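I opened this model to look up its charged pairs, its chain contact and its annotated spans. My notes follow in the order I checked things.

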Amino acid sequence: MSAVTTARTRSASTAPGAGRGPSGERAVTVGSHTVLGIWSLIVLLPFAWTVVSSFKTTREIFASPFSLPERWQFVNYVNAWRTAGIGSYFLNSVVVVGCALVLTMLMGAMSAYVLARFSFRGRGVLRFLIVAGLTFPVFLAVVPLFFILRQMGILNTLPGLILTYATYAYPFTVFFLMSFFEELPGEIAEAASIDGASEWRTFFQVMLPMAGPGLAAVAILNFVGLWNQYLLPVVLNSNRDNYVLTQGLGAFASASGYDVDFGALFAGSVTTILPVLLVYLVFQRRLQGAVAAGGLK
Amino acid sequence: MSSVVKPSRAVHRRLTFDRVSLMVVFLGVPVALYLVFVLYPFTQAAWYSLTSWSGFTSTQEFIGFDNYAKLAGDPLFLKSVGNSLVLLLVVPALTLVLSFALACLLTFGGSSTGAVRGLGGSSFYRVVSFFPYVVPAIVVSIIFGRVYDPSAGLLNGILTGLGIDRAASFAWLGEPSTAKAATIVVIVWAFVGFYMVLFVAAIRGIPAEVFEAARIDGAGRFRTAVSIAVPGVGSAVRTAYVYLGIFALDAFVFLAGLEPDGGPANSTLVITQEIFRTAFKDGRFGLACAMGVVLAVLSFLFTGIVFGVGRLLARRSGEVAR
């Protein structure tokens, strides 16, 4: 605020800025729209190009970057889905992300609830340990993690991947949900306990439903994060049958150098984007709200 | 730490089976998994970094700081550290300046006769700009690998269309002079929308009267942006800077898609790629862990500096006002 006051006293003496008439105002608005329009184009163009290219033959792709496909055909998608294995990777992604999401949301909500609403010895330490997990670079942990999973016999398996996904999303989930549980009114929990509800019932039937909006926001953020995860599967999941989508696409892109079927690569990219894009378009208000709320803490 | 954030809300009652069983299951089980999979590996990495372990022997031979000494004399590793530091400095700065400018255009780039208003259609721009953030980074880098393609890529297609014939078959990712810049552009491109959304929220959090007052006092938009919006989003900038910096030090996903082999003359090789190769291709796990520790130290130093400088700036501006 102090900077604001100095700014005000200083700028009060200067003459009103140029172009403050109605026409100047319009110029500013048009200028803003132009800049933002160009930015939108820079964002959208590569995607639009990818979608168009995914319907072209490899020869067409190399003939000209702008030409439209002679015939809009799905052969690239069929090739990506079958030959490049995108179909089975897709299924693996759905299984791994789905299970990990449920697991991390359940664990995160439970822990956040206890950490937010129960006071006990060591609570501060636990909170600190969990927040600390957010700041370490994951790369430091991946080498030992590899051996821990191998020792447990779950290296290169989907359950191993699910557990790792869930535990690495856990600190974020707890951190985010704690504030939601802290803000729930305590009277309702008290009323439930006076009515004879156990602690367990109070959580599952009263508090969890009340934290619904917060849970949904975190779940969407987690879904995007887990669906896009790349490092963990690459390190911990080298069995080709268990590849997840991002990993499979990455391997496909780098595998055969110049022999890559570029049409199928574009089609695979579109296939990988589509699920997150759908989730995003449906929930974008909630997702952006969650990002804004989380980033300002 | 923050053990008693809201003590009045926390329940403090006697221990019953109901309560204890709840706490054990709700906290005990998840925290145990978290310790095994997240915290324990971090401490193990620190220990492995002091050994010559290859990963194939059952015991690890302790060699003290030999790994670190080896890294200090390894030109390739030093090169990767240098490249990572360039990313650390450039990526957050570019991303934040660009996303802040766009956020300002969105929030007060519209007509300012009457009440201070945002730009019409701002939600469209927000939805579009945020979109790259939800796309998997590996897909972004694969797409841009094609966009940068010398002969069939979108970029050179546009440039030659504009009459720049020199771009006809220029390999953006294959030339040592442009590879790093081309990589940075992709990372910035992917993150601007996310931070724009963050800044829009932060600017909207500044009381409208402050903007009104500035406008009545005759402050132009640029002046408003510098003197009101910048201090108003200060804490958001600091958090964003830390996240972006830690991310830029990693950057593995983008480089795995764009320059998996370190780029021309290793001009885009980063620490994380060196860790990955040293550990999982060369099988030198002790050495790789030492690299991981260097990476962690760099991120902690960076975080400390950002928060320290932020606190210093806040104190100085407070003194000036007094």
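**Salt bridges.** I searched the whole structure, a predicted model, and found 4 salt bridges over all chains. I looked at two of them by name. In the first, the side chains of A:Arg127 and A:Glu182 meet at 3.0 Å, N to O. I then checked where these residues sit. A:Arg127 is in helix H6 (residues 123–132) of chain A, and A:Glu182 is in helix H8 (residues 158–183) of chain A. They are 55 residues apart, so I noted the pair as a link between distant parts of the chain. Side chains of opposite charge can pair when their charged atoms come close.

**Across the chains.** Next I asked how many salt bridges there are between chain B and chain A. The count is 1. I found the side chains of A:Glu199 and B:Arg19 meeting there, at 3.6 Å from N to O.

I asked which element of chain B gives the largest share of its side of the contact. Helix H1 (residues 17–48) of chain B does, with 22 residues. By type, I sorted the chain B side into 78 nonpolar, 23 polar and 12 charged residues.

**Extent of the contact.** I took the totals next. Chain B puts in 113 residues and chain A 112 residues. The buried area between the two chains is about 10400 Å². Carbon and sulfur atoms give 75% of that area. I noted three phenylalanines here: B:Phe26, B:Phe37 and B:Phe42 supply 8% of the area that chain B buries against chain A, more than any other three residues.

**A helix pair in chain B.** I turned to helix H3 (residues 75–108) and helix H12 (residues 271–281) of chain B. Their axes are 8 Å apart, and the packing angle is about 145 degrees. From H3(B) I listed B:Leu76, B:Phe77, B:Ser80, B:Val81 and B:Ser84. They meet B:Ile271, B:Glu274 and B:Arg277 of H12(B). I counted 4 nonpolar, 2 polar and 2 charged residues in this contact.

I checked both in the model.

Definitions and conventions: Residues are numbered from 1 along each chain as its sequence is written. Chains are lettered from A and ligands numbered from 1 in the order in which they are written. This is a predicted model: local features need pLDDT of at least 70, side-chain atom pairs count only at pLDDT 80 or more; totals for chains, interfaces and linings use all residues. Side-chain values use heavy atoms; hydrogens and water are left out. Contact means heavy atoms within 4.5 Å. Buried area is the accessible area (1.4 Å probe) that two parts lose on being put together, summed over both. Helices (H or I, at least four residues) and strands (E, at least two) are DSSP runs, numbered from the N terminus. Ala, Val, Leu, Ile, Met, Phe, Trp, Tyr, Cys and Pro count as nonpolar, Asp, Glu, Lys and Arg as charged, and the others, Gly among them, as polar. Axes are lines fitted to C-alpha atoms, for helices over the stretch in contact, and angles run from 0 to 180 degrees between N-to-C directions.
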